[in-house]
Amino acid sequence: MLHRDAIGRALLKDGWLRRYEVDDGFGSPQVAFMICTFWLAQALSLVGRADEARAVFEKVRSVMSPLGLMSEDFDPLEGRMWGNFPQAYSHVGLIHAAFCVSPRWSEVV
């Protein structure tokens with residue numbers, strides 16, 4: 001079993017990856033951590049699952065604000081951003097994932 005798949009089984013909820021699942025004193029997390037979901041896109045891309053990686057990437061990108069800003073978390077049940085806004089870590093995740101999921105030169109030339 002691959003660690004990436006085990007992480008997905010434990011932390012994936014409605015296509016969004018949570019940071020952890022244990023009660024942290026505030027209850028069990030119900031929201032997804034955006035940088036973790038971008039990490040999932042990277043991980044899928046790096047093991048050759050390009051279509052899945054791009055689908056995950058586009059899912060996260062589709063919830064960005066009109067100015068392209070993102071929060072720290074996303075609530076998949078409510079369909080809205082949650083937590084610190086704007087969040088630089090989420091944008092760093094976007095950049096790293098974008099490089100991973102982008103087509104290779106050999107695919108477009």
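A: R49 counts as partly exposed, with a relative accessibility of 27%; here buried means under 20% relative accessible area, exposed over 50% and partly exposed in between, with a 1.4 Å probe and protein chains only. This is a predicted model, in which local features need pLDDT of at least 70 and side-chain atom pairs count only at pLDDT 80 or more, while totals for chains, interfaces and linings use all residues. Residues are numbered from 1 along each chain as its sequence is written, and side-chain values use heavy atoms, with hydrogens and water left out.

The side chain of R49 meets that of E52 in a salt bridge, at 2.8 Å from N to O. A salt bridge is defined as a side-chain nitrogen of Lys or Arg within 4 Å of a carboxyl oxygen of Asp or Glu. E52 is likewise partly exposed, at a relative accessible area of 39%.

The structure holds two salt bridges. Another pairing joins E58 and R61, whose closest N and O atoms are 2.7 Å apart. These residues, E58 and R61, lie three residues apart in helix α3, so about one helical turn separates them; helices (H or I, at least four residues) and strands (E, at least two) are DSSP runs numbered from the N terminus. E58 is partly exposed at 37% relative accessibility, and R61 is partly exposed at 39%. In general, side chains of opposite charge can pair when their charged atoms come close.
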